[in-house]
Amino acid sequence: MLTSPAAAQVAANDVQIVWRLLDYIAVDYEGAVSNGKVTSTAEYAEMTEFAGTVKRGIRDLPETPRRASLEMAASEIEAAITAKAEPAIVAARSRQLASRLLSAYPVPLAPRSLPDLAKGSKLYLENCASCHGASGNGQGPLARGMTPPPIAFTDIERARQRSLFALYQVIGQGLEGTAMPSFAQLSDEDRWALAFYVGGLAFKDRETGKQIWAADNLRQQIPNLETLASVTPAALGKAHGDAKADALTAYLRAYPEALKAGGSASLSVARAKLDASLSAYQRGNRAEAQRLALSAYLDGFEPVEPILSARDSALMTKVEAAMIAYRAAISSGATVPDVEAKAKTIDALFFKAEAALSPELSSGTSAFLGALAILLREGVEALLIVVAMIAFLKKADRPQYLRYVHGGWVAALVAGVATWAAATYLVSISGAGRELTEGIGSLVAAAILVSVGIWMHGKSSAAAWQRYVREVMDKALSRGSVWFLFGLSFLVVYREVFETVLFFSALVSQGNGEAVAAGALTAIVLLAVIAWVMLKLSRSLPIGKFFAYSSVLIAILAVVLAGKGVAALQEAGLIDIAPLGNIPRIPLLGLFPTWESLGVQLLAAIIIAAGIWYNGRRASQLAAR
């Protein structure tokens with residue numbers, strides 16, 4: 001069933017409201033109950049109301065397999081509040097349910113770009129200072145008589161319990177039962193800027209935080225804006241102590257751009273998802289284990305895969321293969337010890353990967369070589385097809401149709417730039433989205449190339465070619481089939497451009513932008529030379545040999561792309577994985593040790609072989625006439 005964008009937005013808003021109420025229960029319940037007794041009647045009534053609203057809100061969310069368990073957890077929180085349970089118990093259950101809620105109903109947790117703190121300060125003075133005070137102490141000129149009183153953002157104990165995401169939610173939706181209105185009229189960027197500014201009012205020691213960030217290896221704990229927006233200072237304090245956590249919070253909330261200043265890519269998300277997956281499997285929940293295993297790859301490893309591939313492609317291949325083997329073991333119902341062993345293998349590879357991803361290895365030389373290798377690898381694959389199409393038109397003496405081929409690859413480059421802009425400034429391309437684009441694009445290109453390869457083989461004899469030119473060529477092209485040339489040129493180039501854009505975005509995020517640009521320019525020069533050599537060689541080949549060699553090359557590429565397409569869809573979780581032993585994993589050749597990928601490659605090879613047989617038989621029949 002398809003969900004409309006409007007319905008999806010309503011569901012996201014409902015999820016955010018429930019999440020915000022859970023966050024308030026976790027923070028404020030201790031002000032209502034102590035030692036099993038109500039200490040504030042008003043606060044306790046508010047907590048009771050919030051708990052009921054949470055339960056009803058979850059019940060009204062779209063149906064999913066996990067909604068029933070979320071409702072049960074909400075009922076347990078409501079019962080705990082009714083029983084006046086200890087604050088630590090209610091807080092733990094509320095935060096756990098909030099985390100499970102976002103896992104079942106994902107919503108954006110972070111701004112799309114770095115927040116403007118200067119704009120946040122201006123917005124605070126215009127919209128918030130009259131109630132919360134210019135300094136955030138909760139004693140603004142309009143605060144007198146308000147029940148409950150405005151929150152004092154400078155209260156360090158309370159501020160430690162608040163994430164930036166929680167502040168963002170309240171700013172956008174307000175809070176029922178209080179004087180806090182909704183500021184939904186502000187743009188998304190403005191609400192995040194305000195949340196970052198407000199979230200930093202209680203934390204002052206930015207200089208110490210800067211020193212800690214530079215000296216300590218904390219980038220794995222806070223690798224990106226999403227983590228910074230969702231983590232609470234209290235959670236950081238449990239791991240590093242309140243003093244260090246407070247200083248670090250002061251620095252990062254005031255200077256979130258520090259997250260992009262040469263930071264290392266992190267596998268902390270992948271580790272957490274993998275651990276949760278293994279725990280689920282140990283409990284006998286195979287479906288949950290499979291879902292978390294897929295998330296460990298798509299949400300945890302896939303975002304850092306381009307950087308790791310540029311620095312250590314062999315290690316990247318090992319990690320990818322190990323994670324696929326782990327998912328296959330879960331899918332087949334392997335024994336718990338077997339699944340544990342595969343998880344342990346992945347964990348060991350993660351340690352090696354994190355060493356390769358460390359900031360110290362982000363040198364200008366590695367960035368240059370990475371960019372050079374990536375663009376050459378992706379570019380040569382596209383060149384093989386485009387050059388073959390150009391050579392074909394020149395040998396057919398149809399140079400007027402070259403503009404369709406050139407238009408196709410130029411359009412693909414423009415679309416690639418648009419993809420980069422969208423991924424950088426508008427939306428985040430998820431791991432699943434990337435794999436789906438690569439997988440579907442590869443399979444469509446493979447299907448087209450199979451037919452093209454068979455067609456070109458049929459024209460490999462001079463007689464067949466002359467007959468084609470005389471009887472069919474002008475008619476076929478005049479019918480508009482030249483747009484087929486445009487479409488094929490666009491498809492094969494955009495598929496490579498899409499992957500290159502994502503790889504380069506990852507490299508640039510690690511710094512050394514000038515080295516990346518130099519590597520890309522060097523690769524472009526080399527690709528131009530390779531294209532010139534290929535065109536020169538094609539001109540010297542007799543027509544029969546040209547078509548024979550081109551058909552073989554295109555057939556090989558079709559088989560390679562078929563394997564890559566299936567593998568990408570397996571990584572996205574759309575196709576099951578049945579491992580095949582004793583088969584090497586060679587991504588460059590589209591060779592992956594699974595029955596599914598090899599089966600599709602075999603099917604492509606059989607179709608090509610049948611086409612070659614048919615061409616030979618037809619040529620013999622025509623020669624006999």
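This is a predicted model: local features need pLDDT of at least 70, side-chain atom pairs count only at pLDDT 80 or more; totals for chains, interfaces and linings use all residues.
The crossing of α8 and α9 is right-handed. From α8, the contact uses Leu164, Phe165, Leu167, Tyr168, Ile171 and Gly172. From α9 come Asp188, Arg191, Trp192, Leu194, Ala195, Phe196, Val198 and Gly199. By class, the contact of α8 with α9 holds 10 nonpolar, two polar and two charged residues.

Helix α9 also packs on α5, at an angle of about 85°. That makes α5 roughly perpendicular to α9. Leu117, Lys119, Gly120, Ser121, Leu123 and Tyr124 of α5 take part. Their partners in α9 are Asp190, Ala193, Leu194, Phe196, Tyr197 and Val198. The residues of this contact divide into eight nonpolar, two polar and two charged.

| Helix pair | Angle | Axes apart |
|---|---|---|
| α5 and α9 | about 85° | 7 Å |

The second largest pocket has a volume of about 780 Å³. Its lining counts 38 residues. Tyr24, His132, Pro150, Ile151 and Phe153 lie nearest the centre of this pocket. Elements that give two or more residues to the lining include α5, α8 and α9. Also among them are α1 (5-28), α2 (41-59), α6 (129-132) and α7 (156-159). By class, the pocket lining has 25 nonpolar, six polar and seven charged residues.

Definitions and conventions. Residues are numbered from 1 along each chain as its sequence is written. Side-chain values use heavy atoms; hydrogens and water are left out. A crossing is left-handed if the near helix is turned anticlockwise from the far one by less than a right angle, and right-handed if clockwise. Helices (H or I, at least four residues) and strands (E, at least two) are DSSP runs, numbered from the N terminus. Contact means heavy atoms within 4.5 Å. Ala, Val, Leu, Ile, Met, Phe, Trp, Tyr, Cys and Pro count as nonpolar, Asp, Glu, Lys and Arg as charged, and the others, Gly among them, as polar. On a 1 Å grid over the protein atoms alone, a cavity is a set of points where a 1.4 Å probe fits but cannot get out, and a pocket is an open set with protein on both sides within 12 Å along at least five of seven lines; lining residues have an atom within 4 Å of a point. Grid points are joined across faces, edges and corners, and a volume is the space filled by probe spheres set on the points. Axes are lines fitted to C-alpha atoms, for helices over the stretch in contact, and angles run from 0 to 180 degrees between N-to-C directions. Angles under 35 degrees count as roughly parallel, over 145 as roughly antiparallel, 65 to 115 as roughly perpendicular and the rest as oblique.
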